[in-house]
Amino acid sequence: MTDDATGRLDVRKTYKLFVGGAFPRSESGRTYEVTAADGTFLANAAKASRKDARDAVLAARKGFGAWSAATAYNRGQVLYRIAEVMEGRRAQFIADVLAAEGGTAASAASQVDAAIDRWVWYAGWTDKIAQVLGSANPVAGPYFNFSIPEPTGVVVAVAPQDSSLLGLISVIGPAVVSGNAVIVIASTERPLPAITLTEALATSDVPGGVINVLTGDPAEMMPWLATHADVNAIDLAGITDPELAVSLEREAAGTVKRVRRPAAGMDWSAEPDLSPIRAFVETKTVWHPMGA
Amino acid sequence: MSVPHALPDTSPASLRAFLLGLPGVDEVGAASRTAMLGTRSIKNETKAWAIDTAIGMVDLTTLEGMDTIGKVRALCSKALRPDPTDPTTPSVAAVCVYGDLAGIAREAVGDALHVAAVATAFPSGRASLDVKLMDTKEAVAAGADEIDMVIDRGAFLSGEYARVFDEIVAVKQACGPAHLKVILETGELRTLDNVRRASWLAMLAGADFIKTSTGKVTPAATLPVTLVMLEAVRDFEAATGQRIGVKAAGGIRTSKDAIKYLVLVKETVGEAWLTPDLFRFGASTLLNDLLLQRQRIATGHYSGPDYVTID
């Protein structure tokens, strides 16, 4: 197929998943068509299966070790670097958001700017969470007593279906700042901003497995992930079917997972706060003898 | 490969002529056949059977310089009851330890399991014959009923087949009633032709099992190497009527890999070999993955490393 205006051959795109820092095809070999808000064909995206989800959990568990052990300062630098790479791809993100969500170029640009700003905001939190969410507790004995937030482990997040970039950043950011590894299932009908993000991630310093992006149908993968014994928390932001959300919450209880379920119709452009970060940390309390 | 017309007599010249007269191995063919067998689709009930069969074939192994008595005892209790949360889980076939820890292992497992000890200056095999024989006898006296010996790869590669042969014969004698597994260390033999020769050499010298690797050299067990060894075992049975076992050791870490080996065994030597008496996996991390897959089938959801022991 040739573009009429330029005479160039079309470069047709079939995107892949982002798991463990690599770009594998879906194990199932399936893809689905991604169309723009106005219905024109944009690209093919991989349709991940439950086995891809399982592989992503393995990759995330591997990524969690080093990421959670890295210093908070180092995590902040790595996350800030992602914002730098995103800034360099600003035009591509704007085009992706515009194609996916429609509207005006100006509204797409403001969403991309807000997404990058939010990423910077989260990057700044890595070495401040412990001060704000942690505490030094008064106890009746010769002990120092500290409570410290620690990452919960592997977090599976379903990205919001409507807000394809800002919403996506708003579920990945709070999970990774504290040292969790995350598997995010991109918006089913609007996955291209998430795919562009994976290309930014692959060229930044974030270790493989820390952020994994699957595309496809969350209703197919989530029951397997909600019951997966090696997943520690799930974020149901992008589950629009309330019955499915309830059944996932129930299944997650079988292995005592943390579950975050933002209210339906959440405004992703609103100022973020600490509650999503707090949702994916465990508080460790340490008693330490004072000596003397 | 066709069955050799005549087995060699005990003279070095005859042995040499026999080994060098074995037909060559088609490396590309071996790789493509194993790759093809690896694509078999295994249905759920079959998978459940295969996982239990594979667990029953594991030689649960710890061969580290930092092994302690406590570690060996922990390994033994895991070998007896791999998954304490599910009493239907079968025990493994054996525990495999260094010779000096064989006594500890025997004490811990009683008569319930085999105790395999590596001997003959494992893993390099670089010691005098007297030292190797002493090593073997001590392990047997301590309670090992299976001895995993290494061949002298240096001698084999320089063509001194008779020396390797005599060494295996001597170690076999030192084993007494214990079963002898001969480790070929295929990662150091370079070619599949050599693997075929070494397999025949070990079987002619009296091995009860032939084993791929020590686990200390990469590549360790691979499917093509195991295919060649299984073919040698099959041809040896046709020639002598004796059934020799095969142990694939090192580098097999997932249930998927293990099942590929079971398919290979069934398709090469037949179902008669799908028993711990004739096929084993030498592994340490494989068992945990088998247990995770077993839990996955039992519970219907994916399990995680928090639900098996850390070794």
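Figure 1. The structure shown here and in the following views is a predicted model. G21(A) is located in the segment that precedes β1 (31-35) of chain A. Although 187 residues separate G21(A) from G208(A) in sequence, their C-alpha atoms are 3.8 Å apart in space. Once neighbours within four places in sequence are set aside, the contacts of G21(A) are A202(A), G208(A) and G209(A).

**Figure 2. Helix α6 of chain A, residues 166-177.** Helix α6(A) is mostly covered, and twelve of its twelve residues are buried. Among these buried residues are L166(A), I169(A), S170(A), G173(A), P174(A) and V177(A). After α6(A) comes G179(A), which has a positive phi, near 110 degrees.

**Figure 3. Overall build of chain B.** Chain B contains twelve helices and eight strands. Its radius of gyration, 19 Å, is close to the 19 Å given by the globule rule for 311 residues, so chain B is as compact as a globular protein of that length. Along the principal axes, the C-alpha atoms of chain B fill a box of roughly 60 × 45 × 30 Å. Of the 311 residues in chain B, 51% are buried. Where contacts in chain B link residues at least 6 apart in sequence, 74% of them join residues at least 24 apart.

Figure 4. In soluble globular proteins, nonpolar side chains tend to be buried together. The largest nonpolar core here comprises 101 residues, and V58(B), V95(B), A105(B) and A202(B) have the most contacts inside it. Helix α10 of chain B (residues 223-240) gives the most to this core, contributing nine residues. Another core, of 85 residues, lies apart from it and includes A46(A), M86(A), V231(A) and V281(A).

**Figure 5. Contacts of A105(B).** A105(B) is one of the residues with the most contacts inside the largest nonpolar core. With neighbours within four places in sequence left aside, A105(B) is in contact with V72(B), C76(B), V95(B), V97(B) and V115(B).

**Figure 6. The contact between chains A and B.** Seven residues from chain B and six residues from chain A take part in this contact. On the side of chain B that touches chain A, three residues are nonpolar, three are polar and one is charged.

Key: Residues numbered from 1 in each chain as written. Chains lettered and ligands numbered in written order. Predicted model: local features only at pLDDT ≥ 70, side-chain atom pairs only at ≥ 80, totals over all residues. Helix = DSSP H or I, 4+ residues; strand = E, 2+ residues; numbered from the N terminus. Rg over C-alpha atoms; globule rule 2.2 N^0.38 Å. Buried ≥ 20, exposed ≤ 12 C-beta atoms within 10 Å, placed from the backbone. Contact = placed C-beta atoms within 7 Å. Nonpolar A, V, L, I, M, F, W, Y, C, P; charged D, E, K, R; others polar. Core = buried A, V, L, I, M, F, W, Y, C linked by C-beta atoms within 7 Å.
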